[in-house]
Amino acid sequence: MIRKKLTPRQKMINLMYVVLMAMLALNVSSDVLEGFSLVDEGLNRSKENSSMQNEAIYKELEAAMKRNPEKTRQWYEKAQLVRKMSDSLYMFAEDLKWEIVRDVDGDDADLENIEGRDNLEAATHVMLAPGVGKGDDLKRAIESYRDGITQMINDKQQKEIIQSNLTTEVPKKAKMMGKNWQEYMFENTPVAAAVTLLTKLQTDVRYAEGEMLHQLVANIDVKDVRVNQINAYVIPNSQTVVRGGKFSAQIIMAAVDSTQRPEIYVGNTLLKSANGRYETICNSTGDFTLNGYLVMRNGNGETIRREFSQPYTVVEPSATVSATMMNMLYAGYENPISVSVPGVPSNKISLSMSNGTLTKKDGGNYVAVPSKVGEDVTFTVTALNEGRQQEMGKFVFHVRKLPDPTGYLEYTDSKGNTSRFKGGRISKQAIIAAGGIAAAIDDGLLDISFRVLGFETMFVDNMGNVVPEVSNTASFTPNQLARIRSLSRGKLFNISRIRVVGPDGIERTLTSPVEVIIN
């Protein structure tokens, strides 16, 4: 296969793209990455707890199958199908985590100690690479598992929870950007975040598996399956809580008489809640454990006491502010900005800035106009959390002046396309049709127009003398046009001292002339 040689301009654009990606990578702070690590640790603990509880139910079903196979067989066989489905998706997610981490850390990669956790390319490569990306396979596997499990779940509320946990719908904003689910989840996602997303999927799988197993057990006489196996369980809404947020959990005892409720003690304090719900405000970060016990009487009047223990993690608030087109903000220019907070809808997020003005567009998109060159901009993100405004983070961007634009002649080529002539050979007709000079930053990343205030042309007469002609507008003067018409093929002239003013209001004179050779 013959590879097409890149032009110097294309090489420059490619290099600028690499530099931009490096700058974006630098903008993923170590605090945010550490936050993902804490979340992943909490999810792994929840996943292991769910796996242990599910395994206990499988053992109870196996014991019931041995005692009464005729009564238990259909529920036991359904449980084995649920296990096979759940383990298949769980291991697929586990394999993807290892594949992503090995892509960045090599064969010696360690999921518990990821060296390249801020890498933005590994997840994109593994999940989205053309022809070999696993993102589409994962989406289909999630949908197949979700549909299979929810078809067997009878409880409407639990069915809705599982459907929500395993949704593959793309948010409206991502749809407007033309992204599918796998691109929305994994494109330019840091390795730490991608691994956390896959761990959350594994946790959701074990949760759905557990709900299905509880339903299967409910179809068998509780005395046959759970005699002497009464246990206390804590079901948290989430095991990871943002500082200032609310930890909420449902505390229940399995296989109890529905006509009576147990007494619940958190620590040694009786929980005064009709439905067993426990809530507390989390003001400190770290790992915590909810301990306590339940007390109830069985049919013989004997007192039964069961201990419970549930770990959970409180993390610092996290948010992301990014410049849509660049890492550096330009003074006096309308810089597109986007902001997001994991788990918080855009209509509950607020953004403010120093050193400039901020205008909200749609969703999490803003336009920032910094005032002073050299003075950093600080963005402050707040979110409505549990009915009150909470600061989610501050982000600092440097501010610089817009770079100088390039002068050019705008003309229509032989195919009817509008083109920008920046030097070289061109026909007199194209020059005259252009009518004057324009200027813009046009480097493959930005396209920002500047207003031309005036310019100077330098001609050489028949005696070898340099003859300057000055225009105080963007258009050629009659004298300039007359001299251009008098030039024969091969003759040249320069357009220099182009004076422009940009959207930042700064007037400047361009140092690079436009050299024109009559074709």
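Q: What sits over the ring of Tyr293?
A: The charged end of Arg305, 3.5 Å from the ring centre. A charge counts as over a ring if NZ of Lys or CZ of Arg is within 6 Å of the ring centre and within 35 degrees of the ring normal.

Q: And which residue lies over the face of Tyr90?
A: Arg206, at 4.1 Å from the ring centre.

Q: Before we go on, what kind of model is this?
A: A predicted model: local features need pLDDT of at least 70, side-chain atom pairs count only at pLDDT 80 or more, and totals for chains, interfaces and linings use all residues. Residues are numbered from 1 along each chain as its sequence is written, and side-chain values use heavy atoms, with hydrogens and water left out.

Q: OK, ring pairs. How many aromatic pairs are there?
A: Five, counting rings of Phe, Tyr and Trp (its six-membered ring) with centres within 6.5 Å; planes under 30 degrees apart are stacked, over 60 edge-to-face, and the rest tilted.

Q: How are Phe379 and Phe397 arranged?
A: Their centres are 5.5 Å apart and their planes at 85 degrees, so that pair is edge-to-face. Phe379 is in strand E15 (residues 377-385) and Phe397 in strand E16 (residues 388-397), so the pair ties together parts 18 residues apart in sequence. Strands here are DSSP runs of E, at least two residues, and helices are runs of H or I, at least four, numbered from the N terminus.

Q: Are those two buried or exposed?
A: Both Phe379 and Phe397 are buried, meaning under 20% relative accessible area with a 1.4 Å probe, protein chains only; exposed is over 50% and partly exposed is in between.

Q: What about Phe459 and Phe493?
A: Stacked, because the centres are 4.9 Å apart and the planes at 25 degrees. Phe459 lies in strand E22 (residues 447-460) and Phe493 in strand E24 (residues 492-501), so this pair links parts 34 residues apart in sequence. Phe459 and Phe493 are buried too.

Q: Switching to helices: where does H3 bend?
A: At Trp75, by about 30 degrees; that's the angle between axes fitted to the seven residues ending there and the seven starting there. Just after H3, Gly106 has a positive phi of about 85 degrees.

Q: And the whole protein, how many helices and strands?
A: 12 helices and 26 strands. Buried residues make up 40% of the 519 residues.
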